[in-house]
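I opened this model to look up its pocket, its strand pairing and its salt bridges. My entries follow the order in which I went through them.

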Amino acid sequence: MAGHITDGDSYPQWHPLVLHASGRLAVGARQREVVRTATGRQMTFRPVLTTVTPERELTRRGRLLAPGVFTGEHSYLIEPLDSTRVRVTQSERLTGVLVPLLRRRLATETQHQFRVALEGLARQINTRRSAPPRPADQRLAGTSGRRRPHTNDSSSPR
C-alpha cells in the first residue's frame, strides 16, 4: 500500500474535488489545497495537519473566515484487514455557526463526493500494488453528531 493519503500529487487522480494539494507532511504544517466546488467554482484552502502517519492516517483541520464560523476536520485512516484487503475510513467533523445553515447541502453533495473519492482511492491502492481493481465494497457508517465516517473495504495487498 503506497502513501496515497499522504501523497498530495496523487490526490487529483482519485479525489473528484481536489485539483492540487501540496505542503510539508508534518504535524502542524500548513497545506495548500485547491478544490472544485459542486458548482464548479475553485477555492483554495490552507488546512493544518494534525495527524500524519504515512500510508496509514492523515487528519487536517481548516476553517473559513474566522474561528467559530466554519471549521472542518477531515481524516483518512487506512487499516489492514488481512493480506489482501484494507479498510479506508474517511470522516469529517464540522463545527461553527454556518454548519446548521449548510447541513442539507453538505449531507447530499458532500456524501456523494466522499463516495466517489473512496472508490477512486481504492482504485489507486489497487493500481499501485499491481492488483486488478475490484469494485469498491462501499459501506457508509452513520454516527450521531456531526462526524460522518465513510468506509471502503478494498482488495489490495498491503
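Below are my notes on the pocket, one hairpin and the salt bridges.

**Entry 1: the model**

I am working from a predicted model. I number residues from 1 along the chain, as the sequence is written.

**Entry 2: the largest pocket**

I looked up the volume of the largest pocket and found about 1,100 Å³. I then asked which residues lie nearest its centre. They are Val35, Phe45, Leu64, Phe70 and Glu92, out of a lining of 37 residues.

I noted 16 nonpolar, 10 polar and 11 charged.

**Entry 3: where the lining comes from**

Which element gives the most to the lining of the largest pocket? I found that α2 does, with seven residues. This helix spans 99-128.

I also listed the strands that each supply at least two residues of that lining. Among them are β2 (32-36), β3 (42-45) and β4 (48-53). I wrote down β5 (57-64), β6 (70-80) and β7 (85-95) as well.

**Entry 4: β6 and β7**

I checked how β6 and β7 are paired. The two strands run antiparallel and are joined by 10 bridges. They form a hairpin, with four residues between them. As one example of the pairing, I looked up Ser75 and found Ser91 in β7 as its bridge partner.

**Entry 5: salt bridges**

How many salt bridges does the structure hold? I found two.

I took the pair Arg60 and Glu33 to start with. Their side chains meet in a salt bridge at 2.6 Å, N to O. Arg60 lies in strand β5 and Glu33 in strand β2, so this pair ties together parts that are 27 residues apart in sequence.

I went on to Arg61, which forms a salt bridge with Glu73. The closest N and O atoms of this pair are 2.9 Å apart. Arg61 is in strand β5 and Glu73 in strand β6, 12 residues apart, and the pair links distant parts of the chain.

Arg61 has a relative accessible area of 39%, so I recorded Arg61 as partly exposed. Glu73 has 13% relative accessibility and therefore counts as buried, since the cut-off for buried is under 20%.

Definitions and conventions. This is a predicted model: local features need pLDDT of at least 70, side-chain atom pairs count only at pLDDT 80 or more; totals for chains, interfaces and linings use all residues. Side-chain values use heavy atoms; hydrogens and water are left out. On a 1 Å grid over the protein atoms alone, a cavity is a set of points where a 1.4 Å probe fits but cannot get out, and a pocket is an open set with protein on both sides within 12 Å along at least five of seven lines; lining residues have an atom within 4 Å of a point. Grid points are joined across faces, edges and corners, and a volume is the space filled by probe spheres set on the points. Ala, Val, Leu, Ile, Met, Phe, Trp, Tyr, Cys and Pro count as nonpolar, Asp, Glu, Lys and Arg as charged, and the others, Gly among them, as polar. Two strands pair if DSSP finds at least two bridges between them. A salt bridge is a side-chain nitrogen of Lys or Arg within 4 Å of a carboxyl oxygen of Asp or Glu. Buried means under 20% relative accessible area, exposed over 50%, partly exposed in between (1.4 Å probe, protein chains only).
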